[in-house]
Amino acid sequence: SKANDKFELHQEIATVAAHDVTYVQHGGRHYLAFAQYRDEDEISLSLTSPLYRLNERSMQFIKVLEFDSSAAMHVEAFYIGSSSFLAVANYANATTGALAVNSAIYQLDCDGDTDVLNS
């Protein structure tokens with residue numbers, strides 16, 4: 001049997017050349033973080049990647065912020081104690097194209113309706 005026979009499309013999320021996605025839970029909220037390689041023009045390397053939070057009323061993920069990245073190839077959630085982190089593997093400097101680029105680790109903080117990624 002086909003996988004489509006078992007799964008029904010729930011939501012489509014607009015991304016541009018997303019190379020990876022990870023689920024992260026923090027403060028009782030559910031998030032999806034995408035590693036976005038290309039920018040919205042589909043030509044330039046992306047300088048940001050999106051973070052979506054589940055709206056539990058509509059059961060839809062909504063974009064809550066964009067975090068700095070540089071032609072991101074991979075994003076991974078991990079936890080230390082009660083803290084939630086995202087590790088982002090960048091491929092190249094999105095401005096110069098140089099392969100020497102730093103990757104990043106962000107800590108997720110949410111307070112009320114505010115979501116923040118701290119580097």
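I take helices (H or I, at least four residues) and strands (E, at least two) as DSSP runs, numbered from the N terminus. The model I am reading is predicted: local features need pLDDT of at least 70, side-chain atom pairs count only at pLDDT 80 or more, and totals for chains, interfaces and linings use all residues. Residues are numbered from 1 along each chain as its sequence is written, and side-chain values use heavy atoms, with hydrogens and water left out.

Entry on Met59. I looked up where Met59 sits and found it in the loop between strand E3 (48–55) and strand E4 (60–68). Its phi is positive, about 60°, although Met59 is not a glycine. I noted a relative accessible area of 41% for Met59, so it is partly exposed. Here buried means under 20% relative accessible area, exposed over 50%, and partly exposed in between (1.4 Å probe, protein chains only).

Entry on Ala17. I placed Ala17 in the segment before E1. Ala17 is another non-glycine residue with a positive phi, near 55°. Ala17 has 35% relative accessibility and therefore counts as partly exposed.

Entry on Thr22. I found Thr22 in strand E1 (residues 18–26). Thr22 has a relative accessible area of 10%, so it is buried. Leaving out residues up to four places away in sequence, I listed Tyr31, Leu32, Ala33, Val75, Glu76, Ala77 and Leu86 as touching Thr22; contact means heavy atoms within 4.5 Å. I also noted that the side chain of Thr22 reaches the backbone nitrogen of Ala77 at 3.4 Å. For a polar contact I use a pair of N or O atoms within 3.5 Å; within protein, one must be able to donate a hydrogen and the other to accept it, and residues adjacent in sequence count only if both atoms are side-chain atoms.
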